[in-house]
Amino acid sequence: AAKVLLPRCPHARVVNLSDCRRVTDATAGSVAKACPMLRELNLTGNPHITAAGIDEVVQRCGDLESLCLAGCDRISENLLTQKYARFCDIFDEEEDGPWAA
């Protein structure tokens, strides 16, 4: 459905595909191609998404500010904390982040 709808929404800034269990890297690539002005992408709970799909989104969407990748088990914690940290809120709300005194 996303592959059909998104080309008709080139100005979309927020896309939420959380818990759409059939979302793949190809879907992420389609989102990136169709929505170059994307600022927020929620892929929470999508077990088929890999770093390759996220890399395409990051490369194509220069205005990207936020990625929600919780439950994307094929993306390692290392990549989340290093490569995609600027797009992800990786701190537990109960923990003190680097801004704490």
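Let's start with Cys61. This residue sits in the loop between α3 (51–60) and β3 (66–68). Helices here are DSSP runs of H or I with at least four residues, strands are runs of E with at least two, and both are numbered from the N terminus.

A word on the source. This is a predicted model, where local features need pLDDT of at least 70, side-chain atom pairs count only at pLDDT 80 or more, and totals for chains, interfaces and linings use all residues. Residues are numbered from 1 along each chain as its sequence is written, and side-chain values use heavy atoms, with hydrogens and water left out.

Is Cys61 buried or exposed? Buried, with a relative accessible area of 2%. Buried means under 20% relative accessible area, with a 1.4 Å probe and protein chains only.

What does Cys61 contact, beyond neighbours within four places in sequence? Ala32, Cys35, Pro36 and Leu38. Contact means heavy atoms within 4.5 Å. Lys33 is 28 residues from Cys61 along the chain, yet their C-alpha atoms are 8.3 Å apart.

Next, Val57. Val57 is in helix α3. Its relative accessibility is 0%, so Val57 counts as buried. Setting aside residues up to four places away in sequence, Val57 touches Ala28, Ala32, Leu41 and Leu64. From Val57 to Asp25, the C-alpha separation is 9.5 Å, across 32 residues of chain.

Now helix α2, residues 25–34. Its buried residues are Thr27, Ala28, Gly29, Val31, Ala32 and Ala34. What covers them includes α1 (2–5), β1 (14–16), β2 (40–42) and α3.

Terms used: Buried means under 20% relative accessible area, exposed over 50%, partly exposed in between (1.4 Å probe, protein chains only).
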